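Please look over the chain shown below before reading on. The paragraphs that follow go from the overall fold to the sheet, the core and the charged side chains.

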Amino acid sequence: VQLQASGGGLVQPGGSLRLSCVAAGSIFRINRMAWYRQAPGKQRELVAAITSGGSTNYAESVKGRFAISRGSAENTVYLQMNSLKPEDTAVYYCNPEGLTTTQLPFSSWGQGTLVTVSS
């Protein structure tokens, strides 16, 4: 499964960005899509996740500011990030989980997209 994440960049504090991720390959079903982030010197952490049924969960630090959603195509996920803070600076990774066309479970990671929040 290949991932294409985009939308990162440099933004001032208080600004907004929208990240996109498209999963491609031998995908039978995606059960859950999530965004993680990793800041320099820190461990990777879950930012937000959404299930195939539409249930969502968020890290406490982003609740009320970030919103995860899925596109009309099941293999697409977005992360709308508002009221960005310098501590949101990190590489953001998309992580889909599901089944391949050969009914094997998968959990894929892409190269990530860098978000820098700075004045």
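**A walk through the fold**

The protein chain has 0 helices and 11 strands, where helices (H or I, at least four residues) and strands (E, at least two) are DSSP runs numbered from the N terminus. This is a predicted model, in which local features need pLDDT of at least 70 and side-chain atom pairs count only at pLDDT 80 or more, while totals for chains, interfaces and linings use all residues. Residues are numbered from 1 along each chain as its sequence is written, and side-chain values use heavy atoms, with hydrogens and water left out.

Read along the sequence, the elements follow the pattern β-β-β-β-β-β-β-β-β-β-β. The C-alpha atoms fill a box of roughly 50 × 25 × 25 Å, taken along the principal axes. The radius of gyration of the protein chain is 14 Å, which agrees with the value near 14 Å that a compact globule of 119 residues would have; this radius is taken over C-alpha atoms, and the globule rule is 2.2 Å times the number of residues to the power 0.38. Of the 119 residues, 38% are buried, a word that means under 20% relative accessible area, whereas exposed means over 50% and partly exposed lies in between (1.4 Å probe, protein chains only). Among contacts (heavy atoms within 4.5 Å) between residues at least 6 apart in sequence, 52% join residues at least 24 apart.

The next stop is the interior. In soluble globular proteins, nonpolar side chains tend to be buried together. A nonpolar core is a set of buried Ala, Val, Leu, Ile, Met, Phe, Trp, Tyr and Cys residues joined through side-chain atoms within 4.5 Å. The largest such core holds 27 residues, of which Trp35, Val47, Phe66, Val77, Leu79, Met81 and Tyr92 touch the most other members. At least two residues of this core come from each of β3 (17-24), β4 (27-38), β5 (45-51), β7 (66-70), β8 (76-81), β9 (90-100) and β11 (113-117), and the largest share, 4 residues, comes from β3.

Tyr92 shows how these parts come together: leaving aside its neighbours within four places in sequence, Tyr92 is in contact with Leu19, Trp35, Tyr36, Arg37, Val47, Phe66, Leu79, Met81, Gly112, Thr113 and Val115. Not counting residues up to four places away in sequence, Thr100 touches Ser26, Ile27, Phe28 and Phe106.

Which residues are linked in a network of salt bridges? The structure holds 5 salt bridges, each being a side-chain nitrogen of Lys or Arg within 4 Å of a carboxyl oxygen of Asp or Glu. Arg37, Glu45, Arg65 and Asp88 are linked in such a network. Glu45 meets Arg37 at 2.7 Å, N to O; Glu45 counts as partly exposed because its relative accessibility is 34%, whereas Arg37, at 6%, counts as buried. Asp88 also forms a salt bridge with Arg37, the closest N and O atoms being 2.9 Å apart, and this pair links distant parts of the chain, with Asp88 in the loop between β8 and β9 and Arg37 in strand β4, 51 residues apart. The side chains of Asp88 and Arg65 meet at 2.7 Å, N to O, and this pair joins the loop between β8 and β9 to the loop between β6 (56-58) and β7, 23 residues apart. Both Asp88 and Arg65 are buried.
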